[in-house]
Structures are given as structure tokens and as C-alpha cells.
Amino acid sequence: MKMMNCPLNGPRNISEFVFGGEVRKQPDPDHCSDIEWADYVFYSDNRLGIVTEWWLHAPSGYWFIAERHTATGEIQRTYDPSEIFNERIEFSTVNKEVLA
Amino acid sequence: MPFALLKFGINKNFPFERHADLQAPKALGSSYDVVIIGGGGHGVAAAYYLAKYHGITNVAVLEKGYLGGGNTGRNTAVIRSNYLTPEGVHFYTESVKLFTQLANEFDFNIMYSQRGQLTLAYTDAAVRAFRQRVEVNKHFGGHTELIGPTEIAELIPCLNMHPGQLSVQAGLWHKDGATARHDAVAWGYAKGATQRGVELHQLTEATDFIIKNGKVSGVITNRGTVHCGCVVQAVAGFSSLLAAKAGFRMPIVSYPLQAMVTLPVKPFLGPMVSSPAHHCYVQQTGRGEIVIGGGSDPYPLYSTRSTLDLKESLLASTLEIFPFMANFRLMRQWAGITDMTPDYSPVMGLSPVENYYLDAGWGTWGFKATPICGKTMAQLVASGGKVPELIAPFSMDRFEVFRQVNEMGATAASH
Ligand SMILES: Cc1cc2nc3c(=O)[nH]c(=O)nc-3n(C[C@H](O)[C@H](O)[C@H](O)COP(=O)(O)OP(=O)(O)OC[C@H]3O[C@@H](n4cnc5c(N)ncnc54)[C@H](O)[C@@H]3O)c2cc1C
């Protein structure tokens, strides 16, 4: 079976992992247009080449990022999301006021 | 030997049809009214209806490989209309109607065989969903009914009625369910289109576009530049890649879909059987092979490689419902690249680029739509962009207004 290297658990069978979609920037839900939001939710680059994706190691519930070639299927690199997401993201200022 | 046969042997005019089904290739022209990209069933069907109903014959179909070598030649040829949404059922019912007449229309045998399709329910929830599908189907003139375990056992005596801890509770019996020879459908359309003047250019890949002020006026290919009045994109699994060349994104992710057949055995299975709970469906071809198919691969890829994992899980499911198949031998296995949409419905109609029409998002279910899709795409093109009512619900911008046509439950593992 194809193997994937989980940054947390080491090499595991690919069947233990769940594909979670392209890594992309979330627009601010309170200020973006419906079209921008639809683009974020439904549209994809669906590129041929090396892509950056979210993957889940299901047994341990651990989300990480993989760089994978979509023609050869070769997994180039897997790493913890903290490599990209290294500061706190405020999704919405409006909701915070409502909650307060 | 009967004399009647001998007569043909001495007749100088025999065989009567001397010309080949497809004309010899011509040089690629410098300009066409319509350029259709993708020589699968959908592309050649659109060309055929453009020529036949609209008198538009200055048309080139560009195919990077060979005619029908994409998903058209790789699918398991389930033809049915028992979907869930009124929009979907209406559309697919029209397609099934066209399919029944195709062989006569082409004068070319597509081996259309209406053997019915049975989908199995093991839970109350599945039975409820089936009831809804029965009513929607009847409303649009389809022949679909709910049948119980006794009738199912009569219809398919070799079916395991109690796989694992499950028990078959009911079946969605779709009498219109059919199959046909997929390559013959592509060939029939290509023959009819080229005989009317359409040019089919194989080994011709669209690599870029000439787009000015948001309007397409030409296609760049590996064999030179072609100017055109409009473009129809019908490239299935490669939809996003071509759209990217035209400068827009699509609500599509490309996943491989695998299938396989066994060695031929004596006929024992009339209807096509689908078990959504097992993610698999099984049917016997006219040659006796058992075709086995399931859902797409678990992650996106532009490669038609096959995996052992999928064979194992698909065969395990198949043996649950037909245990005696355990000693059958697999003969062939293959894959195609399927263009999956979030709501399991196609994307048809206008695109963000003017004069650039979309026929995409056919995922695992588009073979059955070939005739109606070709016909409505031809209407769209011939009218200069007036979207036919039948396909209006499938416009790409439905996602922007959150008006999806959800066919997931009626599609997954049933095709
Ligand atoms: C294993 C499998 C089983 C299936 N089972 C069923 C089923 O039972 N029932 C059903 O209804 N559907 C089924 N489908 C889906 C169905 O096969 C497709 O939806 C349908 O065939 C799509 O037809 P098409 O003509 O749009 O695409 P295709 O037949 O894939 O044709 C697209 C063509 O475009 C060409 N192309 C791509 N890029 C370019 C370019 N840049 N320039 C020129 N040419 C290009 C490709 O080479 C290809 O030949 C199945 C699919 C698979 C893979």
C-alpha cells in the first residue's frame, strides 16, 4: 500500500489518511462578497503539478499539510501547519462584539 | 452455402458502404465557426447535433488523444434517470429517451440493452429516500418503483439478501435502466458528424487561447493556431486545466475512478445491481463479463494508475452481495479521471469568457447524459448563447447564489 509520512506519527498506510482540500486563504466572512465566499467554499485550482493540501491522520485526529504531485502521486513533503500558520488568525471582528 | 449469400460475393458494389466510418484526417484549418475541445462522446455529440439540427458544419473537434479515449471509453455504461432532484430527473429522462432511438438514428449498432437497474436499501432512511425518488421519477415520465424483498429475490435469485449484519429491506427498481456500448456511441456521433462536414482532429491538443476584452477568438494547439467564432470545452477530467488557460477557475476537483471486469461466465444476471451501502455496483455484459464499479478514489490525481487497495475494497463489497463470485477471475482493470463537482451535478452553459461554452463536471455519471448534453450544447451554441431551459439549473454560477442541485445521494456508487 502507498505510504504517507505523518509529521506526528511517522510513515503510515495511505488508507489511514483523509484528504482535506487545497490550502487556501479564507476571506473574511463578514466583509467578503457572496461570490468571494462561494469561490472559497466551492471552487478549486485543481492544478496539475505540486500542490499544497490539508490532510488528516484519522486515527490520531491530527491535521497537517502535504505537498504532493498530482500527476505522479509522489508525496514531496509533509509538515505541521505551524510552519505556515504561525500567528493567531482573527476570523471576524463582528462576531467577537456579538459574543461579548 | 445459400445462393443469396453468393450473390453478394459476385456483386461489384459489395460491400455497399465502401467509405470508412471516419474520414481520413485533413490538414487543420486556420478558422472555424465552432471549435469543440475534447473528442469524447460529449464533444462529438455536440458537433453531430450542430450539423444535423442547426446546419452548422464549419466545426472542428480537437482531441489530444484518440476519439473516445477519455472517460467515454472507460465508463461502465450505466444509463438511468432515477435521480433525486426535479432538475436532474427531468434532464436525464430526456437523455434516456434519446438513447433508445440512437442506434436507428446512427444506422450503427450501439448495443443498447434495457435490462433495468436495481438499487438496494438496507435501512429505513434509504427506503425513505427511495420513495421520494420513485415519485419524482414518475412525475417526469420515468418507470421506477419500490419493490420488497420477495420481489427482489425473484428478480435476482443469486443475490445475498443478508450480507453481514444487514438485511435487504427494499429495492429501487428502475425499469428504464440500460447499458450500451460506450465506444459505439462515440463512433456513431463522430460518423454522423463527419459525414455532415464536421472535422475531427485527433492527436490535436488545445494548449492556450486567444482572448481579447474577455472574448475568445482563437485556440492555440500543438498543430498551430485556429481562429474561431466560439469554443465549446468538453474535456471532462481536464476541465480545470483548460479553464485555467482561459483564465478562470471551476468548482471541480479531478479524482481517478477505477473499474474492472471478470472473465466471461454464463448469463445469470439480467438487471444491473447497485448497493450504495457497499459503495459498489455490478452488471453482466452481453459478452458475459461481470463489470464491477464503485466510487472515486479518496484523493485527487491526474493519473489513470490503478491501486490494489481499491480492488480489494471493491471486491470485498461485491462478494458481500454476490458471495459465489469469489472464484471468478478478474480480466481487466482501468481508471479514468473524473471531474467531480461539490453537488454531483454537471456544469453546463456560459463561462466568464464570452463565446466560450462549458460542458464539464460530469464526474462519474456523464455517459448517460451524452445525447441530451450534445443536443442542448448545440442549441446553446447555435443560438449564440441563449441557455436552453433544460440546462439552466446547471449553470456554473449556481454556486455563487448557493443554488446547488444536490444529486450526491442519488449518484455515489451508482453512476
Ligand atoms: C471508470 C468509470 C466508470 C464510469 N461509469 C459511468 C456510468 O456507468 N454511467 C455514466 O453515465 N457515466 C459513467 N462515468 C462517467 C462518464 O464516463 C463521463 O462522465 C463521460 O464519459 C464524459 O464524457 P466526455 O465526452 O465529457 O469526456 P471524455 O470522454 O473524457 O472526453 C474528453 C476528451 O477531451 C480530451 N482532452 C482533454 N484535454 C484536452 C485538450 N487540452 N485538448 C484536446 N483534447 C483534450 C481527452 O483526451 C478526452 O478524450 C464513468 C467514468 C469512469 C472513469
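**Entry 1: B:Ala190**

I started with B:Ala190, which is buried at a relative accessible area of 2%. My cut-offs (1.4 Å probe, protein chains only) are under 20% relative accessible area for buried, over 50% for exposed, and partly exposed in between. This is a predicted model, so local features need pLDDT of at least 70 and side-chain atom pairs count only at pLDDT 80 or more, while totals for chains, interfaces and linings use all residues. Residues are numbered from 1 along each chain as its sequence is written, chains are lettered from A and ligands numbered from 1 in the order in which they are written, and side-chain values use heavy atoms, with hydrogens and water left out.

B:Ala190 sits in helix α6 of chain B, residues 182-195. Helices (H or I, at least four residues) and strands (E, at least two) are DSSP runs here, numbered from the N terminus. I then asked what B:Ala190 touches, not counting residues up to four places away in sequence. The list is B:Leu22, B:Val44, B:Leu67 and B:Leu200, with contact meaning heavy atoms within 4.5 Å.

I also checked B:Ala190 against B:Phe91: they are 99 residues apart in sequence and 23 Å apart in space, C-alpha to C-alpha.

**Entry 2: the cores**

Next I looked at nonpolar cores, meaning sets of buried Ala, Val, Leu, Ile, Met, Phe, Trp, Tyr and Cys residues joined through side-chain atoms within 4.5 Å. In soluble globular proteins, nonpolar side chains tend to be buried together. The largest core here has 72 residues, and the members that touch the most others are A:Trp55, B:Val34, B:Ile36, B:Phe91 and B:Tyr189.

I followed up B:Phe91. Beyond its neighbours within four places in sequence, B:Phe91 is in contact with residues including B:Met348, B:Trp362, B:Ile372, B:Leu390 and B:Phe394.

**Entry 3: B:Asn137**

Is B:Asn137 buried or exposed? B:Asn137 is buried, at a relative accessible area of 0%. I found B:Asn137 in helix α4 of chain B, residues 124-139. Setting aside neighbours within four places in sequence, B:Asn137 contacts B:Ser81, B:Asn82, B:Tyr83, B:Val89, B:Gly142, B:Thr144 and B:His174.

**Entry 4: where chain B meets chain A**

I went on to the contact between the two chains, which takes 22 residues from chain B and 24 residues from chain A. Chain B and chain A bury about 2,100 Å² between them, 58% of it on carbon and sulfur atoms. Buried area is the accessible area (1.4 Å probe) that two parts lose on being put together, summed over both.

How many salt bridges are there between chain B and chain A? I got 2, a salt bridge being a side-chain nitrogen of Lys or Arg within 4 Å of a carboxyl oxygen of Asp or Glu. B:Arg249 pairs with A:Asp39, with the closest N and O atoms 2.9 Å apart. B:Arg249 is also part of a salt-bridge network with A:Asp39 and A:Asp45.

On the side of chain B that touches chain A, α7 (239-246) and β10 (253-262) of chain B are the elements that give two or more residues. The largest share, 3 residues, comes from β10(B). That side divides into 15 nonpolar, 4 polar and 3 charged residues. Ala, Val, Leu, Ile, Met, Phe, Trp, Tyr, Cys and Pro count as nonpolar, Asp, Glu, Lys and Arg as charged, and the others, Gly among them, as polar.

**Entry 5: other salt bridges**

B:Lys175 is partly exposed at 41%, and B:Glu145 is partly exposed at 32%.

B:Arg305 and B:Asp297 also meet in a salt bridge, at 2.8 Å, N to O. B:Arg305 is partly exposed at 23%, whereas B:Asp297 is buried at 6%.

**Entry 6: positive phi**

Last, I looked up backbone angles. B:Asn355 is not a glycine, yet has a positive phi of about 65 degrees. B:Asn355 lies in the loop between β15 (347-350) and β16 (356-360) of chain B, partly exposed at 21%. B:Phe402, another residue other than glycine, has a positive phi near 55 degrees. I found B:Phe402 in the loop between α9 (370-382) and α10 (408-411) of chain B, partly exposed at 37%.
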